[in-house]
Amino acid sequence: MEKVLPVAGFVLIVIVAVGLFMYVVTTKRRKATQLYQAASREESMGNYTEAINLYETYLKENADDGQQVVYKIKTLRALISQ
């Protein structure tokens, strides 16, 4: 019985830590998704400067598909300069 309490405490700490980690990861993904969607919306409305700002913020938050987003930014900058 003396060893059960410390083991149970350790298991509880691990469960809480994993839960917190999952919360942080899902929150970060949700924020990145919202940024990308907002940037796409601005791009479709022709607000290229705002879209670029949002895409750049997205890149800072999440670089999973960075090459595609960098290409979008370059394309939008080219459209602005015309």
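Me: Are H2 and H3 roughly parallel or antiparallel to each other?
Reply: H2 and H3 are roughly antiparallel to each other, a label for angles over 145 degrees. Helices here are DSSP runs (H or I, at least four residues), numbered from the N terminus. This is a predicted model, where local features need pLDDT of at least 70, side-chain atom pairs count only at pLDDT 80 or more, and totals for chains, interfaces and linings use all residues. Residues are numbered from 1 along each chain as its sequence is written, and side-chain values use heavy atoms, leaving out hydrogens and water.

Me: Thanks! At what angle do the axes of H2 and H3 cross?
Reply: They cross at roughly 160°, and the axes come within 10 Å. Axes are lines fitted to C-alpha atoms, for helices over the stretch in contact, with angles from 0 to 180 degrees between N-to-C directions.

Me: Which residues of H2 meet H3?
Reply: Tyr48, Thr49, Ala51, Ile52, Tyr55, Glu56, Tyr58 and Leu59 in H2 do, and their partners in H3 include Val69, Ile73, Leu76 and Ile80. Contact means heavy atoms within 4.5 Å. By class, this contact of H2 with H3 has 12 nonpolar, two polar and three charged residues.

Me: And which residues of H2 are buried?
Reply: Those are Ala51, Ile52, Leu54, Tyr55 and Tyr58, where buried means under 20% relative accessible area. They pack against H1 and H3.

Me: OK, over to H1. How far apart are its end C-alpha atoms?
Reply: They are 60 Å apart, which agrees with the 60 Å that the 41 residues of H1 (residues 4–44) should span at 1.5 Å a residue. The expected span is 1.5 Å times one less than the number of residues.

Me: Which residues of H1 are buried?
Reply: Ala32, Leu35, Tyr36, Ala38, Ala39 and Glu42. What covers them includes H2 (48–61) and H3 (66–81).

Me: How do H1 and H2 pack?
Reply: At an angle of about 160°, with their axes 8 Å apart, so H1 and H2 are roughly antiparallel to each other. By class, the contact of H1 with H2 has 10 nonpolar, two polar and six charged residues.

Me: What about the loops: where is Asn62?
Reply: Asn62 is in the loop between H2 and H3. Asn62 is buried, with a relative accessible area of 18%. Its C-alpha atom is separated by 9.3 Å from that of Lys31, 31 residues apart along the chain.

Definitions and conventions
Helix = DSSP H or I, 4+ residues; strand = E, 2+ residues; numbered from the N terminus. Buried < 20%, exposed > 50% of the residue type's maximum accessible area, 1.4 Å probe, protein only. Parallel < 35°, antiparallel > 145°, perpendicular 65-115°, else oblique. Nonpolar A, V, L, I, M, F, W, Y, C, P; charged D, E, K, R; others polar.
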